[in-house]
Amino acid sequence: MNLVPNTLPMLFVKKTNKNIVIIICARCSSKRFPNKVLKKVGGVPLILQVYERVRYSKYVNKIIVATSNKTSDDKLKKLCTKKNIECYRGSLNNVFSRFKNIIKTYKADIVIRISADSPFIDSKLIDKSIEIFLTKKVDIVTNILKRSYPKGQSVEVFDKKIFLKLKNLKLNTYEKEHVSPYFYKNKNKYKVINFQSKNDLSKYNLTIDYREDLLLFNKIIKKINKNNTYYPYQNILKFIKKYEN
């Protein structure tokens, strides 16, 4: 099953006056599961699964894979080049600086952070977060401050201004690596909205942290209609619950 063609236009882009960019944070040097972003889920490398899912967003103008400039990520860069996917390379540990540079390079107004280990990320959640952002005119929209969605359905939307204003800020190592902790630690300085699910689904895992997760998700994908590359995360949860019982 080849979900991702060599030419990758956005599927449905609604017109806004904002340049909205999704940043998929990816690296091959994961300690728990090295090279997991290149491992195949449903016959397709994980990074391409994630890319295909977010490509269904109605608002996004561009999708960037943000990885490091280390040799360990050369294969990831090569795959992105082969598939005509924009790939930005920067500091391995200072992911915050990668975000700032992407904002400047691509003249982004709004950036959305998505993790590369989330093969079932739901584009409708992404669109919901963007709609809240555009309607409420805030600095950050997220669903991770108080988790209610499954792990692997995390979305963070940022106004470019909050990155560009922090020119000389000294972030600690953790804040540099994980991008958003500084903003959440100082959330009294920003307009932040955390949206939640009607039901608490935070106990469920839809992300690939370990090889066991990969094996389970490959079983699930075999059950999904292969002619439909979009499927709500709720459908995946039904299979997860079935395997748990």
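Me: How far is the sulfur of Cys80 from the closest cysteine sulfur?
Reply: The sulfur of Cys80 is 4.3 Å from that of Cys87, its closest cysteine sulfur, which is too far for a bond. The cut-off for a disulfide is a pair of cysteine sulfur atoms within 2.5 Å.

Me: How many disulfides does that rule give?
Reply: The count is zero. Cys28 is in no disulfide either, and the nearest cysteine sulfur, that of Cys80, is 9.3 Å away.

Me: Are those cysteines buried or exposed?
Reply: Cys28 is buried at 3% relative accessible area, and Cys80 is buried at 1%. Buried means under 20% relative accessible area, exposed over 50%, and partly exposed in between, with a 1.4 Å probe and protein chains only.

Me: Before we go on, what sort of model is this?
Reply: This is a predicted model, where local features need pLDDT of at least 70, side-chain atom pairs count only at pLDDT 80 or more, and totals for chains, interfaces and linings use all residues. Residues are numbered from 1 along each chain as its sequence is written, and side-chain values use heavy atoms, with hydrogens and water left out.

Me: OK, aromatics. How many pairs are there?
Reply: There are 12 aromatic pairs. Rings of Phe, Tyr and Trp (its six-membered ring) pair if their centres lie within 6.5 Å; planes under 30 degrees apart count as stacked, over 60 as edge-to-face and the rest as tilted. Phe158 and Phe183 are one of these pairs, with centres 6.0 Å apart and planes at 45°, so this pair is tilted.

Me: Where do Phe158 and Phe183 lie?
Reply: Phe158 is in strand S8 (residues 156–159) and Phe183 in helix H7 (residues 181–185), so the pair ties together parts 25 residues apart in sequence. Helices (H or I, at least four residues) and strands (E, at least two) are DSSP runs, numbered from the N terminus. Phe158 is buried at 0% relative accessible area, and Phe183 is buried at 0% too.

Me: And what about Phe163 and Phe183?
Reply: Phe163 and Phe183 form an edge-to-face pair, 5.3 Å centre to centre with 70° between the planes. Phe163 lies in helix H5 (residues 160–164), so its pair with Phe183 in helix H7 links parts 20 residues apart in sequence. Phe163 is buried as well, at 0% relative accessibility.

Me: Which residues make up the aromatic cluster?
Reply: Phe96, Phe99, Phe158, Phe163, Tyr182, Phe183 and Tyr190 form one cluster.

Me: Switching to backbone: what's phi for Lys137 and Val179?
Reply: Phi of Lys137 is near 55° and phi of Val179 is near 70°. Each is a positive value in a residue other than glycine. Lys137 lies in the loop between helix H4 (123–136) and strand S7 (140–142), while Val179 lies in the loop between helix H6 (173–178) and H7.

Me: Buried or exposed, those two?
Reply: Lys137 is exposed at 67% relative accessibility, whereas Val179 is buried at 0%.

Me: Last one, the whole chain. How many helices and strands?
Reply: The protein chain has nine helices and nine strands, and buried residues make up 53% of its 245 residues. The C-alpha atoms fill a box of roughly 50 × 45 × 35 Å, taken along the principal axes.
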